[in-house]
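Work through the exercises below with the sequence and structure at hand. Each task is followed by a stepwise solution.

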Amino acid sequence: MGSIKVLDSAIQNKIAAGEVVERPSSVVKELVENSIDANASQVEVFIEESGMKQIRIVDNGDGIHHTDGPLLFQRHATSKIGTDYDLFQIRSLGFRGEALASIGAVAKVTVETNHMEGNPVFIRFEGGKLMEQTPGKERKGTDITITELFYNTPARLKYMRSMRTESGKIIDVIQRMALAYPNISFRLILDHSEKVMTKGNGNLKEVISDIYGLNIARHAVAFEAEDADFRIQGFLIRPEINRSNRNYLNISINRRFIRSFKLSQSIINGYHTLLPKDKYPIAVIDITMDPKLVDVNVHPAKTEVRFSKERELNQLLEKTVRSHMKGEMLIPDVAKKS
Ligand code: ADP
Ligand code: MG
């Protein structure tokens with residue numbers, strides 16, 4: 001008799017959770033992505049004890065149909081794609097149908113939601129099992145609460161407890177989301193203190209001010225460029241204001257914030273000698289492209305992507321930043337004087 005067997009779904013989900021929801025900030029990212037995909041215009045995030053005690057996300061999006069309850073925590077169950085044709089042109093932030101299954105496998109979750117065509121419903125899910133689904137209160141959107149994260153994965157729990165704090169990472173996620181979505185109002189409350197608040201009125205410069213402060217916003221220069229494949233737009237902060245690391249480079253592709261060493265380097269190269277040695281710029285940049293040109297299915301966390309025209313994109317970005325900064329430096333820094 002052979003010795004290979006298929007693991008039951010609870011263990012499958014726990015294994016996936018290791019990658020998909022590595023830490024509290026990744027849970028926050030996945031849940032906020034779901035709110036955005038559900039067309040929310042308002043997303044509120046309440047965190048207690050760096051997410052280890054509680055992560056709660058309240059949105060005013062489309063909600064979840066009550067009949068979808070049993071599928072919500074099932075792995076590879078998604079409303080966002082259906083065919084492999086869709087997989088190669090992703091238009092939503094989520095598509096893997098893994099986040100809730102993973103979170104539900106390593107935490108206790110409650111969901112209160114209401115879909116326009118369904119009934120309000122309350123769902124409780126624990127350690128990979130649907131414990132309760134009952135009629136809920138009338139509401140718009142979804143209110144999801146995660147408690148006791150990693151309660152049944154002892155090593156991860158111990159590791160997280162040994163971390164000083166996860167708060168900085170959670171703030172970073174919400175700031176990047178807010179900068180990528182100026183038309184959505186974000187609010188982040190950490191242990192009852194408000195850390196992020198944006199209005200959602202579509203004005204990116206105001207979001208920059210809300211996130212980085214008025215002075216940086218006053219030094220922000222709007223820029224855009226377009227070629228046959230890409231449209232780049234956003235704000236570059238004048239080089240007099242700079243930072244000693246690359247964390248202030250906010251790059252999103254079709255509004256998905258990503259990490260890309262090469263694109264960051266193109267921006268830095270574009271500033272060229274305008275920056276002091278070992279200093280890095282502050283920038284908020286969104287690049288719009290045909291989703292067929294970008295592969296987001298590279299890593300479960302979806303912050304790494306692959307481009308099919310990477311060299312062209314890097315060249316366009318560097319050239320655009322360079323020409324805007326050069327032109328800008330000919331103009332006296334009015335913001336600083338006024
Ligand atoms: P994915 O986002 O990849 O589809 P998830 O596990 O994150 O997978 O979510 C599963 C499904 O649950 C989504 O496809 C969506 O239909 C639904 N969902 C999750 N969160 C929300 C939300 N806040 N509002 C509306 N629907 C949601
Ligand atoms: Mg998702």
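**Exercise 1. State which residues come nearest to ligand 1, and describe the shell around ligand 1.**

Step 1. Among the 22 residues around ligand 1, the nearest are N34, A38, T78, G94 and A99; a residue is near if its C-beta atom, placed from the backbone, lies within 6 Å of the molecule.

Step 2. Two or more residues of this shell come from each of the elements α2 (24-37) and α5 (99-106). Helices (H or I, at least four residues) and strands (E, at least two) are DSSP runs, numbered from the N terminus.

Step 3. By class, the shell has seven nonpolar, nine polar and six charged residues. Ala, Val, Leu, Ile, Met, Phe, Trp, Tyr, Cys and Pro count as nonpolar, Asp, Glu, Lys and Arg as charged, and the others, Gly among them, as polar.

The model is predicted: local features need pLDDT of at least 70, side-chain atom pairs count only at pLDDT 80 or more, and totals for chains, interfaces and linings use all residues. Residues are numbered from 1 along each chain as its sequence is written, while chains are lettered from A and ligands numbered from 1 in the order in which they are written.

**Exercise 2. Describe how α1 and α5 pack.**

Step 1. The axes of α1 and α5 come within 8 Å and cross at roughly 105°. Axes are lines fitted to C-alpha atoms, for helices over the stretch in contact, and angles run from 0 to 180 degrees between N-to-C directions.

Step 2. α1 and α5 are therefore roughly perpendicular to each other (65 to 115 degrees).

Step 3. From α1, the residues A10, N13, K14, A16, A17 and V20 meet A99, A101, S102, A105 and V106 of α5; contact requires C-beta atoms, placed from the backbone, within 7 Å.

Step 4. This contact of α1 with α5 comprises eight nonpolar, two polar and one charged residues.

Notes. Angles under 35 degrees count as roughly parallel, over 145 as roughly antiparallel, 65 to 115 as roughly perpendicular and the rest as oblique. Two residues are in contact if their C-beta atoms, placed from the backbone, lie within 7 Å.
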